[in-house]
Amino acid sequence: MIGGGVLVLVAVLGFFGIIGPTPGQSIFGSAWWFDNGENWAHLVVGGIALVAAIVMPGNLRKALVMTLGVVSIMVGLYSLIVSTSLFGANLENPLDTVLHLAIGAWALLAARREKK
């Protein structure tokens, strides 16, 4: 639930000119900003995570959190090794990479602790 809330918050901050949607609108400048592709992805995934935390039974919630953790780690590794662009979204390296790897690790640890 916390991870979903963080993702929704990042999306809102990105949409409203605090950390995006352009480098000039981010308080971090070109070092770290979230374009609208990233903002929508964070909003959708965070929203799904929040709803799932409330309505899904434990075993399904655990599977979803594990899936989100693996996908986040894959995105982090992709931005580190392959490209800083994914489906049109700009992934700043190293900050986006660190963020995605941290969220992925957090999700996998949370799934490990999740009770069925």
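Q: Is Ser79 buried or exposed in this predicted model?
A: Ser79 is buried: its relative accessible area is 2%, and a residue counts as buried under 20%.

Q: In which element does Ser79 lie, and which residues is Ser79 in contact with beyond its neighbours within four places in sequence?
A: Ser79 belongs to helix 3. Once the neighbours within four places in sequence are set aside, the contacts of Ser79 are Thr84, Leu91, Asn93 and Thr97.

Q: What separates the C-alpha atoms of Ser79 and Ala110?
A: A distance of 23 Å separates these two C-alpha atoms, and the two residues stand 31 residues apart along the chain.

Q: Which elements make up the protein chain, and how do they run from the N terminus on?
A: The protein chain holds four helices and two strands. Their order from the N terminus is α-α-α-β-β-α.

Q: Which residues make the contact of helix 3 with helix 4, and how do they divide by class?
A: On helix 3 the contributors include Val65, Gly69, Ile73, Gly76 and Ser79. On helix 4 they include Thr97, Leu101, Gly104, Leu108 and Ala111. By class, the residues of this contact divide into 14 nonpolar, seven polar and two charged.

Q: At what angle do helix 1 and helix 2 cross, and within what distance do their axes come?
A: Helix 1 spans residues 2–15 and helix 2 spans residues 36–55; their axes cross at roughly 150 degrees and come within 7 Å. Helix 1 and helix 2 are therefore roughly antiparallel to each other. Their crossing is left-handed. Among the residues in contact are Gly4, Leu7, Val8, Ala11 and Phe15 of helix 1, together with Asn36, Trp40, Leu43, Gly47 and Leu50 of helix 2. The contact has 10 nonpolar, eight polar and no charged residues.

Q: How far apart are the axes of helix 2 and helix 3, and at what angle do these helices pack?
A: The axes of helix 2 and helix 3 are 10 Å apart, and the helices pack at an angle of about 160 degrees. Helix 2 and helix 3 are therefore roughly antiparallel to each other, with a left-handed crossing. The contact joins Val45, Ile48, Ala49, Ala52 and Ala53 of helix 2 to Arg61, Leu64 and Leu68 of helix 3. This contact has seven nonpolar, no polar and one charged residues.

Q: What does the radius of gyration of the protein chain agree with?
A: A compact globule with 116 residues would have a radius of gyration near 13 Å, and the 14 Å of the protein chain agrees with this. Along the principal axes, the C-alpha atoms fill a box of roughly 45 × 30 × 20 Å.

Q: What share of the residues is buried, and what share of the contacts with a separation of 6 or more joins residues 24 or more positions apart?
A: Of the 116 residues in the protein chain, 34% are buried. Among the contacts with a separation of 6 or more, 59% involve residues 24 or more positions apart.

How values were computed
Residues are numbered from 1 along each chain as its sequence is written. This is a predicted model: local features need pLDDT of at least 70, side-chain atom pairs count only at pLDDT 80 or more; totals for chains, interfaces and linings use all residues. Side-chain values use heavy atoms; hydrogens and water are left out. Contact means heavy atoms within 4.5 Å. Ala, Val, Leu, Ile, Met, Phe, Trp, Tyr, Cys and Pro count as nonpolar, Asp, Glu, Lys and Arg as charged, and the others, Gly among them, as polar. The radius of gyration is taken over C-alpha atoms; the globule rule is 2.2 Å times the number of residues to the power 0.38. Buried means under 20% relative accessible area, exposed over 50%, partly exposed in between (1.4 Å probe, protein chains only). Axes are lines fitted to C-alpha atoms, for helices over the stretch in contact, and angles run from 0 to 180 degrees between N-to-C directions. Angles under 35 degrees count as roughly parallel, over 145 as roughly antiparallel, 65 to 115 as roughly perpendicular and the rest as oblique. A crossing is left-handed if the near helix is turned anticlockwise from the far one by less than a right angle, and right-handed if clockwise.
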